[in-house]
Amino acid sequence: MSREPVLRFGEKVLAVLEQGSFTATYKYALLLAIIDALLEGTAVDGSPPQTITTRELARKTIDLYWPQCRDFVSARGTGLLRQNTSGQAEIVTAVTRFREGSSRTTLTHSQAAQERPAPYELLLDRVEYKLVQMPIPRLQRFGTAEERFIYDFNWDKLIGRRAVLREPLVITMVPGAAEALVQIAGLLRPLIQRQWAAMVASVNRTLVEDSQLEEFLFGIDRTSLARVRSDLTDVQDRRCFYCDHVLKGTPHVDHFIPWSRHPDNNICNLVVADSGCNGRKRDFLAAPGHLERWLDRMADPQTTHVLSSIASRRLWEHEPGRSIGAARALYLRLSDDTPLWLTDNDFVSADLRAIQGLFARTPMPLMAAEDWGTG
C-alpha cells in the first residue's frame, strides 16, 4: 500500500477512536490486540496474516489487561482502577479473579496460565465471548454508522456463547488493512495508549495521578524480569549482548525488540546488557550486526534448548515464532536511511537488502496456525 492510502487509513482509525462511543476500554484493547497479532504473525516474505482467530485476540487482550488488574497505588489512595464508565469492565473483573486464584498475584500472565491451565482456558472462553459480543462488532462505528474498513466478521450480536466455543471464529482483514496497520503500528500504539490512559483517568478521578498512570498501565514489569536475569547471564557467559564486554555488577535485562514498539516478554526476546549499552539503546532498533547475532541465537539448537529449559523452569513464555514475526514486521519495513543503534552514541543506516538476507536465512519456528490466525 502506498504512502497516501496508508495515511488516509490511519486518519480513519483515529477518527474511530475519537468519535466512537466508548463506555469501556475494550476498543483500545481490541485494536492493540489486532496490531500485536499482525506483527507476530508476519510471514517469511514480510506479509502480515489476513485472518486472526478470536481465540488469539482473547489471549492478546488478557496480555494487555494483565498488568492493569492489580492495585494502583498513588498519594490519593490505593485500589483497582475502573475501566468502565458505569462500573468495572467484565474482562477486568474476570482477569482479576483469575490472578487472585493463583499462588502469587505477582505471577506473569504466562506463569499463571501454565500454573492453572484449566481455569485459564475458562478465562479465555469468557474473554473471547465478550470480544465476540461487544467490541469486535462495535469498533468500526462512526456514531451510529458502521464501516468495516479494518476487518470483516460473519456473526451477529445475538450469537450465543456455545456457538463461539463450538468452532473457531475469525476476523478477516479488509484488503490492505493489515499492511497499513503494521506500517503505522509505531505511530498508533502511543496514541491508543494515551487515549486509553485518559479514559481510565476520567473514570478514576479520585485515585489517579496522571503522571503515574500510563507507566502503570503499559510499562515494563522489571521486577518480574529479574527472575530470569541470572539464567540469561549464564547463557551469554556473563558478557553484554551488545558490546561483548564482561558484565560487572548487576546486568540489565533488555528487550531486544523494544517494549515500546511491541510488548514481547518471550525469553528469546530478552538479553542481558551492561547499564551503558542498555541505557543508550533505549527504544531504538538495533543495528544489523546485533540483529544477526540475535537471529543466530534462536537458530542454534543448543542455545534454543537452553532457553526452552529456562522457560519451562521459570514458567516463562517461549514462542520464538512470535518474536521473529514481530522483528520481520518492524525491520523489513525500514527505509535505508533509518538510524539503527550500534554502540555508545553511534548509529548506522539500515541496509534493507542486508536485513532481508538475514531473515531469509532464518526459518520461522513452527507454530500452530490457530495461535494467531490462518492467514
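The side chain of H109 makes a polar contact with the side chain of D63, at 2.7 Å; a polar contact is a pair of N or O atoms within 3.5 Å, where within protein one must be able to donate a hydrogen and the other to accept it, and residues adjacent in sequence count only if both atoms are side-chain atoms. The model is predicted, so local features need pLDDT of at least 70 and side-chain atom pairs count only at pLDDT 80 or more, while totals for chains, interfaces and linings use all residues. Residues are numbered from 1 along each chain as its sequence is written, and side-chain values use heavy atoms, leaving out hydrogens and water.

- H109 lies in helix α5, residues 109-115.
- H109 counts as buried because its relative accessibility is 7% (buried means under 20% relative accessible area, with a 1.4 Å probe and protein chains only).
- Leaving aside residues up to four places away in sequence, H109 touches R59, I62, D63, W66 and Y120 (contact means heavy atoms within 4.5 Å).

**Helices α3 and α6**

- The axes of α3 and helix α6 (residues 117-133) come within 8 Å and cross at roughly 105°.
- These two helices, α3 and α6, are therefore roughly perpendicular to each other (65 to 115 degrees).
- Residues of α3 including T54, R55 and L57 meet residues of α6, among them Y120, E121 and L123.

**Helices α2 and α3**

- Helix α2 (residues 26-40) packs against helix α3 (residues 54-65) at an angle of about 115°, with the axes 9 Å apart.

Conventions:
Axes are lines fitted to C-alpha atoms, for helices over the stretch in contact, and angles run from 0 to 180 degrees between N-to-C directions. Helices (H or I, at least four residues) and strands (E, at least two) are DSSP runs, numbered from the N terminus. Buried means under 20% relative accessible area, exposed over 50%, partly exposed in between (1.4 Å probe, protein chains only). Angles under 35 degrees count as roughly parallel, over 145 as roughly antiparallel, 65 to 115 as roughly perpendicular and the rest as oblique.
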